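This report walks through a two-chain model, one region after another. Keep the structure open beside the text as you read.

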Amino acid sequence: MKPPPFEYHAPRDLGAALRTLAEVDGKVLAGGQSLIPMLNMRLAAPAHLVDINRVGGLGASEVTPEGVRVGALARHAEVERAAAHPLLTRALKLVAHPVIRNRGTVVGSLVHADPAAELPAVLAVLGGSVRAARWDTAGGGPVLREVPAEEFFVGPMESALGPDELAVSAFFPALPEGSGAAFEEVSRRHGDYALAGVCAVVTVGADGAARARAACVGVGAGPVVVDLGELGPVRRAGWKAAAALVREATDPEEDIHATAAYRRHLVGVLAERALRNAAREGAAARGA
Amino acid sequence: MEHEITLVVNGTARRVRVPARRLLSDCLRHDLGLTGTHVGCEHGVCGCCTVLLEGRPVRSCLTFAVTVDGAEITTVEGLAGSDGRLSAVQRAFAECHGLQCGFCTPGFLCTVTALLADNPVPTDDEVIEGISGNLCRCTGYQNIVKAVHRAAELRAEET
């Protein structure tokens, strides 16, 4: 089908984009790889579309020792090629197909907040954040706020952004020293949203003790984060028991693709796999 | 409200008036008469509508024409040389029977053209990953994969 009619706004700078969002009830268009299908299928019919593709300064990514800040217009493919963050790069390879990634944006995937999507889980497991901007009409300028991942994903397809706010960037903290990361998922076809997926970060301390954190996709209203805490020496950690804890933390739903029980089973299997792979990488990074 | 935009399609600047909701795929087909770009699913799954935007393959059904005002676009009509000689990728698809009904072919040709520009000698896995976003309901893909490898050979011979 074709998209329903809307009023089109193409601001040239951030101020103009924020003023437009303050004035009209608008939906932001970045890469459009989730929004345009929803428009084509008439699942969404916003009265105003604010196309940020011409806004300067939103495409840049910044890499520091603390992590990677990805601009609102950085395409999946660009961030994947830059390979600035091992877990983010690995997750990006699982996002749809290469052609979709040429156009889709990292920040757009976060704001879309699909519970089955990979990038929200990556932001959540790393404890990252999204920077939101809005126009302060009284003050006549932009106001920024930093929204931590645990507050950002409110529910299925719902983020904490206000209707007048624009996500200008997202910050993915670097992995701590001695860390490994993994992303494991099962989907029915290559490039599809996963039936279930688990990403894990395992950090091996100087004493050889492992700490682990996992986030699951497709099995809750948003990314399900499980902080597994201290798990003892990395070589003897009980990954099976840890994976069972991850599994118990999820509450999957049934749909035409899989039953809830199957999804929960998958989470257990994938969590163990992700934790073991991340631990192996972490141990190698620590030289343990 | 209509918007006046300019698209540089296959090397020629084309001015056109379109409503904001006009998909790039429809703009190419209906407004510019370039019906080589096919429209299958219109939600980004089938890959038939893939065109090159500034040299990179994108879904024209998931792009608004107004968004890419001023951009350079290559469609399947622009892959052959100016003398009408088919490109290496097009010849390889013909030679290897990489198509049957041909509906998906424009999308495959654009995707593969960009794939080989990026990676002139892809492995089997890289080819499969590269074309994973294009559906073909006739061939079973074996001959398409063969065609991609053959196209890589033809490109190498010609440069």
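## A helix pair in chain B

The crossing of H2(B) and H3(B) is right-handed (left-handed means that the near helix is turned anticlockwise from the far one by less than a right angle, and right-handed means clockwise). Helices here are DSSP runs of H or I with at least four residues, strands are DSSP runs of E with at least two, and both are numbered from the N terminus. Helix H2 covers residues 88-95 of chain B, and its axis lies 9 Å from that of H3(B). The two pack at an angle of about 125°. That makes H2(B) oblique to H3(B) (under 35 degrees counts as roughly parallel, over 145 as roughly antiparallel, 65 to 115 as roughly perpendicular, and the rest as oblique). Axes are lines fitted to C-alpha atoms, for helices over the stretch in contact, and angles run from 0 to 180 degrees between N-to-C directions.

Which residues of H2(B) and H3(B) make the contact? H2(B) brings B:Val89, B:Gln90 and B:Phe93. H3(B) brings B:Thr105, B:Leu109, B:Val112, B:Thr113 and B:Leu116. Residues are in contact if their C-beta atoms, placed from the backbone, lie within 7 Å. By class, this contact of H2(B) with H3(B) has five nonpolar residues, three polar and no charged. Nonpolar means Ala, Val, Leu, Ile, Met, Phe, Trp, Tyr, Cys and Pro; charged means Asp, Glu, Lys and Arg; the others, Gly among them, are polar.

## About the model

The model is predicted: local features need pLDDT of at least 70, side-chain atom pairs count only at pLDDT 80 or more, and totals for chains, interfaces and linings use all residues. Residues are numbered from 1 along each chain as its sequence is written, while chains are lettered from A and ligands numbered from 1 in the order in which they are written.

## The sheet of chain B

Chain B has an open sheet of five strands. The order is S2-S1-S5-S3-S4, with mixed pairing. Two strands pair if DSSP finds at least two bridges between them. Strand S2 (12-19) and strand S4 (56-59) of chain B are the edge strands, and each pairs on one side only. From one strand to the next, the twist averages 45°.

Strand S1 (residues 2-9) of chain B pairs with S2(B) in the antiparallel sense, over eight bridges. B:His3 stands opposite B:Val18 in S2(B). The hairpin of S1(B) and S2(B) has two residues between the strands, and B:Asn10 takes a positive phi near 50° there. Strand S3 (residues 50-53) and strand S5 (residues 72-74) of chain B run antiparallel, joined by two bridges. B:Leu52 has B:Thr74 in S5(B) as its bridge partner. Helix H3 (residues 105-118) of chain B lies across S3 and S4 of chain B, at about 35° to S3(B).

## The two domains of chain B

Chain B is divided into domain 1 (2-78) and domain 2 (88-158). Such bounds come from an automatic or database domain assignment. Taken over C-alpha atoms, the centres of the two domains of chain B are 22 Å apart. Their contact takes 14 residues from domain 1 and 12 residues from domain 2. On the side of domain 1 of chain B that touches domain 2, S3(B) gives the most, with three residues. That side divides into seven nonpolar, six polar and one charged.

## The two domains of chain A

The assignment for chain A gives domain 1 (63-130 + 148-161) and domain 2 (179-286). Their centres, over C-alpha atoms, are separated by 18 Å. In chain A, 21 residues of domain 1 are in contact with 20 residues of domain 2. Helix H4 (86-92), helix H7 (118-126) and strand S8 (153-155) of chain A each supply at least two residues to the domain 1 side. H7(A) gives the largest share, seven residues. By class, this side has 17 nonpolar, two polar and two charged residues.

## The sheet of chain A

Four strands of chain A form an open sheet in the order S11-S12-S13-S14, with antiparallel pairing. The twist averages 15° from one strand to the next. Strand S13 (residues 209-217) of chain A pairs with S14(A) over seven bridges. A:Ala209 stands opposite A:Pro233 in S14(A).

## Where the chains meet

How many residues of chain A are in contact with chain B? There are 22, and they meet 23 residues of chain B. The chain A side divides into 11 nonpolar, eight polar and three charged residues.

How values were computed:
Contact = placed C-beta atoms within 7 Å.
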